[in-house]
Structure formats: structure tokens, C-alpha cells
Amino acid sequence: MNRIKHRPAKRLVQLTALLLLLLLVCAIASVDSLVLTALLLVPLLVVFVDYMAAKSEPLLEVSAQTNLNMALYRRQALNVVIKNKAKHATMLDVSVHLSNAIELQKPQQTVFIDAMQQAKQSFNLRAHKRGDAEISAIELRVGSPLGLWQTNWLTAQAIQLKVYPDFSRVTSKQHLNGVVNKPISGLKLTKKRGDGIEFQQLREYRQGDSVRQIDWQATSKRRKLISREYQEEQNQHVIVMLDASKKMAIEANKGSHFDHALNALLLLSHTVLKQGDWFSMQSFNQNLRWLPDVKGAQNVSRVMNHFYDLYPDKSSSDYLVAVNQLIAKRSKRSLVLLVTTLDEQSIDELMPAIKLLQKHHLVALININNRAVNEVLEEPIEKYEDATSYCAALALLNSHKANMAKLKKQGVIAIDCNPEQLLPHVLNTYLNVKHSGAL
């Protein structure tokens, strides 16, 4: 335990004021100098003895406990246990030293501990930034035996925390509306790849089952139509390309475009791995991260730990470089989900990259809409500048729609969505492609 601060307490200030007043009264009353000296030395001696006692390390033992994994913006308890090993009671103030990514609801708390007893104080933590964080120390402000001095003592903790995205929001019913119910425009449904490959179970005949699925022996025994059900192939590969450029730092409700994308894609990885498929993910721009060939629901933490602390940089997107990097790593046909935010300059840079990517993979472009364009279109037109802004926003929107239609004609699964609805769109894309046999 290290002493970091030593200062007079409020009681010492009051005592000093009282002593000065007493000296003034004695001076006016012409009190004997010997008495005056005694009046001065005795309090000074008491203050000095109390000062020396305050410098002695207190017989306190401190420990802190909390969950090492935190969810972004979610409150979490930090329990601080303080054991008083002295033979006298003590009152002290407790505070916590944290990294800037975490804040406390009540930064300082006062606690009274009887002799040879312990107390537990609970602090409310809240993280406001993904990534690594730390509880570095617990600080105690302890009063001297006579309460004339206060000494601050620091006890190191070095508790390393990981702040993950908060999935409770994106897994809510509101965010999952439309999952699996919205087919992808332009994606032709074909015979499932799993049909006729691996038998899974017998079940009652359903409308739409092919005649070849009917098990005639089981049908004759049960005197009703019975179909064979086959397991779909579970070796499909899904690759996510996540744009980590400055465009993804655009703010939306409850986070940036990048925050919404990361939340949705980490949950997509959970679905893909539960389905028995392979999952890979690459973020691109200055901060390039690549996680290849993850399989099995038990490995979803690998995806989480690889990307939870990633943030977009301040550079511009370079789609062609990113695509070349991906093809060099994996050229075998897969479903590639390219998640980005397009602007008026992006499409000319994107088209060559998409064409190159299509030579090896089935490509789905997921564009997160910039709400600024829609906000301008929704504003009332009251003056000339408003009309100019409206026309410019409308031209941008029409140009974007034309570019998305062009991509669809070239065989790209092109989807526009708002940040809050990204999760159902990426899940729909994956599940529709999986069930269609397009891979």
C-alpha cells in the first residue's frame, strides 16, 4: 500500500482557527507569556503526534472483484472488500482508479469499519468504449486517530477487463423482425444441396415435398404419407469483408455505422457456426485483420475476441486492395458479404473490385444507408437554400438506386438497409443463400 497524499483534515483547520482566536484573546487580556507558550505548544505537540500516526500504514487489506467481461453501455457491479485488522474502528473514503473507457455512477463512497471486521462496498461500472480496459488501483482516504489529518493510500489491483458489444439490443424482437421471412430479390431458389445427400429423419408429408422424398414402406405401415428429410450440406463457407474506413464512423442511433455492423456480424458468425458452416472475417483498410476458417458453435468466442476492440480508421476505402488480399487468402467459392457505406465516389472504385471478386465468389453487397440524405429529404422547404439541398439529396439518392440496380443486373446481391436493421438483412442473406443452393 503506497502513500500518495497527506493533507490537513477539516478538524485541524477548525482547531487552528480556534487556537488563533484564543491567542488573540490572551494577547488582549495580557496573559502571562508562560501560559501563552503552554497554550501554543500543547496543541502543536498533539498535532505533531497525530501527524506521525497518520503517516503509519493502516492495517487494512483491500480486494476487488468483478466480471472480467463487460457489455458496452451496460452497468456492472464492482465489489470492494476492505478488512480492518486494527484494534480500533476506522472511517474512510473509497474510490476506484479506472481507465478512460469506464465510468462510475458514484465515484467515491464513505465506509465505517469496526475493529477486526470487514466491509463490502459496491460500485456501479459502465463502459462507453469497446476494447480493453483496466481497474488499476483502489484508493483509500484514511483519517488519523484524532481526525486532524487525512492520508490517501493506493493499493494496486491491475484487473484487466474486456468490453464487448452489447448484444442485448440487437437480439431484441425489434431488431430481428423480418429474419427468414424476406426473400432476396433476384436469387433463384434451386434444389437444396442437402437433398438426397444425408438422411436425417422421417416425418409426415408436407405440401411441397417431392414424390422422391416419400418413403412408401413407412407410408404403407402408418397408412399416411411419410417423407424422408435430408440434412443440408454443412460445409458452406461464409466470408465477411468489413469496411473499417472513415465512412463507417458516421454516427447513427446508439453508435456508429461500424458499431452496428460489428454487432450484427458477430451475431451472424454465431448463426453460421451453429449451422455447421465455416466462417471467416476480414476487416480492411489501414487496420487489416483476418480470421480464417472458424467452424463449430463452441468457437464463436474466437470471432468475438478477434474483433471486439476494432475501430474504423481515418483513411478512405480501398476496395480493390482489400479484394486482392482476400482472394490471395481464399479463392475457393464462398459467400462473401461486403459490408460498407457507399457515397457518390465509392461506386467507381467498387465496381472493378466487385467484378474481380465475382470471378471466385458469390458476392453480397450490404450498404448501410447514410441517414443524412434522408434527413435532408424530410426537412420542410422554406427557402432557396432548402430547395437546393433537397434537389442535391434527391440526385444522390436516385444515383445510388441506379448503381444498386446495376450491381443486381451483374449478379450481385445488393441490399440497402438502415443501421438498426442490419442484423435481419445479413441473416436473411446468409440463410436464403444457404437454402437456395446458390453455392
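Author: Happy to! Let's begin with a cut-off: when the angle between two axes is under 35 degrees, the pair counts as roughly parallel. Keep in mind that this is a predicted model.

Now look at helix α9 (residues 346–358) and helix α11 (residues 384–409), which pack at an angle of about 5°. The two are therefore roughly parallel to each other. Their axes lie 12 Å apart. Who makes the contact? On the α9 side you will find Ile 347, Met 351 and Ile 354, and α11 brings Asn 403, Lys 406 and Leu 407. Sorted by class, this contact of α9 with α11 has 4 nonpolar residues, 1 polar and 1 charged.

In soluble globular proteins, nonpolar side chains tend to be buried together. In this model the largest nonpolar core has 43 residues, and Leu 242, Leu 268 and Phe 279 are those with the most contacts inside it. Helix α6 (residues 257–274) gives this core its largest share, 10 residues.

Next comes a sheet. It is an open one, built from 4 strands in the order β2-β4-β8-β6, with antiparallel pairing. At the edges are β2 (60–65) and β6 (102–104), each of which pairs on one side only. From one strand to the next, the twist averages 30°. Strand β4 (residues 75–84) and strand β8 (residues 118–127) are joined by 9 bridges, and Val 81 stands opposite Lys 120 in β8.

Last, a stop in a loop. Asn 370 sits between β19 (362–368) and α10 (371–378). Is Asn 370 buried, exposed or partly exposed? Its relative accessibility is 28%, so Asn 370 counts as partly exposed. Not counting residues up to four places away in sequence, Asn 370 touches Ile 250 and His 257. As for His 270, it is 100 residues from Asn 370 in sequence, and their C-alpha atoms are 27 Å apart in space.

How values were computed
Residues are numbered from 1 along each chain as its sequence is written. This is a predicted model: local features need pLDDT of at least 70, side-chain atom pairs count only at pLDDT 80 or more; totals for chains, interfaces and linings use all residues. Side-chain values use heavy atoms; hydrogens and water are left out. Two strands pair if DSSP finds at least two bridges between them. Axes are lines fitted to C-alpha atoms, for helices over the stretch in contact, and angles run from 0 to 180 degrees between N-to-C directions. A nonpolar core is a set of buried Ala, Val, Leu, Ile, Met, Phe, Trp, Tyr and Cys residues joined through side-chain atoms within 4.5 Å. Buried means under 20% relative accessible area, exposed over 50%, partly exposed in between (1.4 Å probe, protein chains only). Angles under 35 degrees count as roughly parallel, over 145 as roughly antiparallel, 65 to 115 as roughly perpendicular and the rest as oblique. Contact means heavy atoms within 4.5 Å. Ala, Val, Leu, Ile, Met, Phe, Trp, Tyr, Cys and Pro count as nonpolar, Asp, Glu, Lys and Arg as charged, and the others, Gly among them, as polar.
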